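Please open the structure in your viewer and keep the selection tool at hand.

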Amino acid sequence: MPDRVLIVANALVTNARQSLPKSLHQDDGRARELLVIAPMLTTRLQSFCSDIDDAHHAAEERLRHIAADMSIFRTPPLTTVGDENQLHAVADALATFDADACVVVTNTREHANYHERGVPEQIYEKFRLPTTTLTVDTNGRIVEHCTT
């Protein structure tokens, strides 16, 4: 696994320590730097009206859960709320965090916010960053993962 990983958290992974694929574990003794961004998942109307308060609060809450779940990692992650446009959020993060790889945690297609669609492929194409996608169900269980 790379040393500096950017995680785009659109959803929560239940019990990340046990649930994450082995390639994302920190069990080899090396410390890794992790930056978790939780994009604001606004509706189209909220975005159009610039009504982002609820989405910002939800993103902060997601980060609190993630930080608590990942606090047992050897190196706890850095966390920040990201822009509703996920490519902007990634660009903002990469301006200060030189990531080697990206992990996008996304909801299943039927539960995904419109901002989530096609993001992993766009991240890879725009930033040439190896990107792993973890798709989770409504209970936070990983139902699919793939790498671009």
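A residue is called buried when its relative accessible area is under 20%. Asp 137, with a relative accessible area of 16%, is therefore buried. Please note that the model is a predicted one.

**First stop: a salt bridge at Asp 137.** Select Asp 137 together with Arg 141; their side chains meet in a salt bridge, with 3.0 Å from N to O. Side chains of opposite charge can pair when their charged atoms come close. How many salt bridges are there by this rule? The count comes to three.

**Second stop: Glu 33 and Arg 4.** Because Glu 33 belongs to strand β2 and Arg 4 to strand β1, the pair ties together parts that are 29 residues apart in sequence. Glu 33 has 38% relative accessibility and counts as partly exposed.

Select Arg 64 and Glu 61, whose side chains form a salt bridge of 2.6 Å, N to O. These two residues are three apart in helix α3, so about one helical turn separates them. Arg 64 is partly exposed at 46% relative accessible area, and Glu 61 is partly exposed at 32%.

Next, select Arg 62, which also lies in helix α3, residues 53-70. Arg 62 is buried yet has no salt bridge. Which side chain of opposite charge is nearest to Arg 62? That side chain is Glu 116, which is 7.8 Å away. Among the residues that Arg 62 touches are Ala 9, Asn 10, Pro 39 and Leu 41.

Select residues 86-96 and colour Gln 86, Leu 87, Ala 89, Val 90 and Ala 93, which are buried. They cover an arc of only 155° around the axis and therefore lie on the same side of α4. On the other side, Asp 92, Ala 95 and Thr 96 are exposed. The buried residues of α4 pack against β1, β2, β3 and α5. At the start of the helix, a side-chain oxygen of Asn 85 reaches to within 3.0 Å of the backbone nitrogen of Leu 87.

Select Val 119, Pro 120 and Ile 123, the buried residues of α5. Their arc around the axis is only 105°, which puts them on the same side of α5. What covers them includes β1, α4, β4 and β5. Finally, select Arg 128, which follows α5 and has a positive phi, near 50°.

Definitions and conventions: Residues numbered from 1 in each chain as written. Predicted model: local features only at pLDDT ≥ 70, side-chain atom pairs only at ≥ 80, totals over all residues. Heavy atoms only, no water. Buried < 20%, exposed > 50% of the residue type's maximum accessible area, 1.4 Å probe, protein only. Helix = DSSP H or I, 4+ residues; strand = E, 2+ residues; numbered from the N terminus. Arc of directions from axis to C-beta. Contact = heavy atoms within 4.5 Å. Polar contact = N/O pair within 3.5 Å; in protein donor to acceptor, adjacent residues only side chain to side chain. Lys, Arg positive; Asp, Glu negative; His and termini not counted. Salt bridge = Lys/Arg side-chain N within 4 Å of Asp/Glu carboxyl O. Lists of a residue's contacts leave out its neighbours within four places in sequence.
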